[in-house]
Amino acid sequence: MPTPSLAALPIRRLTLRDRLACADLSEDRGWPREEHKWGFLLSAGKGYGIDAPEGGLLAACVTTEYGPQDRPDLVAIGMVLVAERYARQGVGRRLMRHLVSAMGTTPLTLHATSSGRPLYEELGFKATGRAETVRGHFTAARPESPISTRAATAEDLTGILRLDEAVFGTDRTPLITRLPAFADQLRVAEENGRIIGYAAAWPNMDTQVVGPLIAQDTETAQALLASLAARTDRPLRTDIDVRHEALLSWAKEHGLVSSAFNTVMTYGTPELPGDWTRRFAPLTVAAG
């Protein structure tokens with residue numbers, strides 16, 4: 001039987017059953033398999049993919065919706081991947097056009113690599129910021145921060161959600177409520193009994209990814225990052241908004257080194273909602 005053209009292959013919704021196929025696709029493109037992250041993104045958001053005629057996935061991506069379920073305020077797009085043997089044949093463009101069309105007037109955001117940015121610009125996305133990936137073994141801060149941090153409890157969830165919505169600019173309940181099961185650590189910073197910041201560290205291959213990192217100021221962000229580092233032997237990785245120069249300098253002074261940059265891009269809105277001064281790092285760049 002003749003092989004169908006790429007344009008004729010349907011785009012379908014992915015489910016958790018596709019997690020390993022998504023990991024295989026990551027590996028095909030030289031990315032880490034990241035099965036734990038794929039599972040989280042497919043359960044917290046929506047996946048879209050194209051099946052290859054010979055089996056497996058030809059392409060995939062995920063979206064994460066924020067705000068009201070029937071009328072989201074913002075949609076993040078991530079993990080846009082095309083199998084190496086189908087690269088540079090318009091598949092990624094077709095998948096992205098499908099998403100842009102399906103989301104209608106809902107504002108979109110994504111973190112673009114240097115190789116992906118030209119496509120997103122062609123589709124109308126605008127660069128609005130940058131994030132710097134730093135990673136390595138964190139060396140303990142001296143002296144220790146006076147900011148009080150502790151492990152989060154179930155009773156903290158309401159306060160975390162309230163703070164997160166104020167900082168992010170829209171409701172992220174479906175994402176944040178999955179953090180206790182997804183992350184190895186979830187910690188809060190307090191001041192006079194009030195939560196002024198929170199952060200998670202979750203396993204990704206051989207690292208612990210720190211994110212989200214939400215804090216009232218740089219000193220609080222430093223305290224949370226140091227407290228997470230003190231409780232793992234793995235190297236850390238986090239993606240810090242480059243406008244937080246003080247936190248980036250401090251992290252590098254304590255053993256983390258720059259490994260990559262991503263461009264934050266938006267579509268349908270001139271900038272992201274919320275308060276960037278308290279938003280230090282995303283949960284993952286794939287979820288905005």
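Predicted model: local features only at pLDDT ≥ 70, side-chain atom pairs only at ≥ 80, totals over all residues.
Q: Which residues of helix α2 are buried?

A: A residue counts as buried when its relative accessible area is under 20%. In α2, that applies to Lys37, Trp38, Gly39, Phe40, Leu41, Leu42 and Ala44. The helix spans residues 35–44, and because 7 of its 10 residues are buried, α2 is largely enclosed by the rest of the structure.

Q: How many residues of β11 are buried?

A: In a regular strand, side chains alternate between the two faces of the sheet. For β11 the count is 5 of 6 residues, so this strand is also largely enclosed by the rest of the structure.

Q: In which sense, parallel or antiparallel, does β11 pair with β6, and in which sense with β10?

A: With β6 the sense is antiparallel, over 6 bridges. Threonine 133 is the residue opposite aspartate 239 of β11. With β10 (residues 207–215) the sense is parallel, over 2 bridges. Here glutamine 208 faces leucine 236 of β11. Between β10 and β11 the chain passes through α8, giving a right-handed β-α-β crossover.

Q: How many aromatic pairs does a search of the whole structure find?

A: The search finds 6. One of them joins phenylalanine 182 and tryptophan 202: the centres are 4.9 Å apart and the planes make an angle of 40°. An angle under 30 degrees would count as stacked and one over 60 as edge-to-face, so the pair of phenylalanine 182 and tryptophan 202 is classed as tilted.

Q: Which parts does the pair of phenylalanine 182 and tryptophan 202 tie together?

A: Phenylalanine 182 belongs to helix α7 (residues 179–182) and tryptophan 202 to strand β9 (residues 194–204), so the contact ties together parts that are 20 residues apart in sequence. Phe40 is among the buried residues of α2.

Q: Which residues line the largest cavity?

A: A cavity is a space where the probe fits but cannot get out. The search of the whole structure finds 1 cavity of 30 Å³ or more, and the largest cavity holds about 30 Å³. Its lining consists of Glu34, Lys37, Trp202, Asn204, Val209, Arg237, Asp239, Leu283 and Thr284. β9 and β11 are the elements that give two or more residues to this lining. By class, the lining has 3 nonpolar, 2 polar and 4 charged residues.

Q: What is the volume of the largest pocket, and which element gives the largest share of its lining?

A: A pocket, in contrast to a cavity, is open. The volume of the largest pocket is about 1200 Å³. It has 43 lining residues, and Trp31, Val80, Leu81, Thr113 and Ser115 are the closest to its centre. The elements that give two or more residues include α3 (91–103), β6 (126–136) and β11 (236–241). The largest share, 6 residues, is that of β4. The lining divides into 19 nonpolar, 15 polar and 9 charged residues.

Q: Which residues lie nearest the centre of the second largest pocket?

A: They are Ala141, Glu144, Ser145, Ala226 and Ser227, out of 27 lining residues. The second largest pocket holds about 470 Å³. Helix α8 (residues 218–229) gives the most to its lining, 6 residues. The classes are 12 nonpolar, 8 polar and 7 charged.

Technical notes
Residues numbered from 1 in each chain as written. Heavy atoms only, no water. Buried < 20%, exposed > 50% of the residue type's maximum accessible area, 1.4 Å probe, protein only. Helix = DSSP H or I, 4+ residues; strand = E, 2+ residues; numbered from the N terminus. 1 Å grid on protein atoms, 1.4 Å probe; cavity = no way out; pocket = protein on both sides within 12 Å on 5 of 7 lines; lining within 4 Å. Points joined across faces, edges and corners; volume = space filled by probe spheres on them. Nonpolar A, V, L, I, M, F, W, Y, C, P; charged D, E, K, R; others polar. Pairing = 2+ DSSP bridges. Right-handed = clockwise from strand over helix to strand, strands pointing away. Phe/Tyr/Trp six-rings, centres within 6.5 Å; stacked < 30°, edge-to-face > 60°.
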